[in-house]
Every structure is written in structure tokens, then in C-alpha cells.
Amino acid sequence: MKRLAVFASGSGSNFQAIVENAVNYQVVLLVCDKIDAFVIKRAHELAIPTLIINPKDYQSKVQYEEVILNSLKEHQVEFIALAGYMRLIGSVLLTAFKDKIINIHPSLLPAFKGKNAIEQVINAGVLETGVTIHFVDSGIDTGEIIAQDIIKINEKMSKNEIEEKIHLVEHRLYPKILNQLLEEDLK
Ligand code: GRF
């Protein structure tokens, strides 16, 4: 069973889906960079250990990530899933976890990279969007794509309605891909 850490900054609905649907992995740590994020409450309820860390307490990203890395080592973490973690991964973690960090993004990459992807989708007036799971590299949503799912939308849908549809797909797709990836990793 692979030992997984999830990084999140917000509500954490994906974190919860990842925890609840674990088969070939075990979530051993939540890393959260926002002290008041709702995901922390979810972690407590699910009895998952947390590292709550404020980047403003550190002089550099290197120092900040070294503290995270120490905690990942303590918990013997082997793989990282980003789930609404609103920060670029830096050199310390990219080097220590080469090809072992994945992310979920609410668009069909390479379209609509970066922040506010759903607003970007709405402003572009497209009728098809989706969800992408990809490996993390030093760019913003640029790493190799692992899986995508398409979602049909229409111009009458509100941002909330689109978001809800995206979340439903994410909560199914993310644990499924993690279970597949981490099973293959065992072979
Ligand atoms: C998800 O839509 C994910 O694609 C994006 O951030 C959102 C996080 O939602 N990266 P939640 O915190 O998991 O509810």
C-alpha cells in the first residue's frame, strides 16, 4: 500500500474523496498552507494527520519546502496528490519527489491553465470543458497529462452549476486514477 500525502488550500472536497476511496494507497498526511481552510476540519474528522504551515513564516520557498519535506519523510510519504493547493511546487519538492507529484485541474488542459479556470471557461463561451489529471513540473499546469474527462456545459449554466458538475467528475476520477497509478507503481 503506497503512502500518499495530499496538499490542499481550500474546501478539500477532493481530499475527502481521495481518502474515502483509497484502495491501493493510504492517505498518511494532509499538507495545508492556509490555517483557516475547511480541509483541516475534514482531515480531523477523517483522522488524517495534518501539517498546517504558513509560507509567510519562512524567508524563502526553499526553507518552506524543506520543512514540508522533513514532515513527508517522517510520515514516509511516497507519492503526493495536489488537490486545490494554490501554490507552485518548488525545486526542493520537485527534486525529492521527481515524477511522484500529480495535480487535478478543472479544465481540459492545455486550455485554460492557471487560476480561475472555470471563469476562463465561461468567458470563452465554450460548450465543452472538463477535468485533467497531470504530473507536476515546474510550470503552471504544464506537466504530462495522465487522464481527462469531458463535461458538457451550456451558456445558461451558472458558475456554481458548472463547478458542481466538475466536482462530481473530479471526485470519481481522482481516486480512480490514483488507485490505478499506485497499483502500477507496485509492480
Ligand atoms: C478543484 O476544482 C480542483 O480541480 C482545483 O481546485 C479545486 C479544489 O476543490 N485544483 P476542493 O478544495 O477539492 O473542493
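**Ground rules.** I number residues from 1 along each chain as its sequence is written, and side-chain values use heavy atoms, without hydrogens or water. Because the model is predicted, local features need pLDDT of at least 70 and side-chain atom pairs count only at pLDDT 80 or more, while totals for chains, interfaces and linings use all residues.

**Helix α2.** I took helices as DSSP runs of H or I with at least four residues, and strands as runs of E with at least two, numbered from the N terminus. Helix α2 spans residues 38-45. Why do they fall on the same side of α2? They cover an arc of only 160° around the axis, taken from the directions from the helix axis to the C-beta atoms.

On the other side, H44 and E45 are exposed (over 50%). I then checked what the buried residues pack against, with contact meaning heavy atoms within 4.5 Å. The partners are β1 (2-8), α1 (13-20), β2 (25-32) and β3 (50-52). A47 follows α2 and has a positive phi, near 60°.

**Ligand.** I listed the residues with a heavy atom within 4 Å of the ligand. Among them are S11, G12, S13, N14, H105, H167 and E170.

Next I looked for polar contacts, pairs of N or O atoms within 3.5 Å. A backbone N or O atom of G12 lies 2.8 Å from a ligand oxygen. For a polar backbone atom of N14, the distance to a ligand oxygen is 2.8 Å. For a backbone N or O atom of S11, I noted 3.5 Å to a ligand oxygen. Taken alone, the ligand exposes 370 Å² (Shrake-Rupley method, 1.4 Å probe), and the protein buries 83% of that.

How values were computed
Buried means under 20% relative accessible area, exposed over 50%, partly exposed in between (1.4 Å probe, protein chains only). A polar contact is a pair of N or O atoms within 3.5 Å; within protein, one must be able to donate a hydrogen and the other to accept it, and residues adjacent in sequence count only if both atoms are side-chain atoms.
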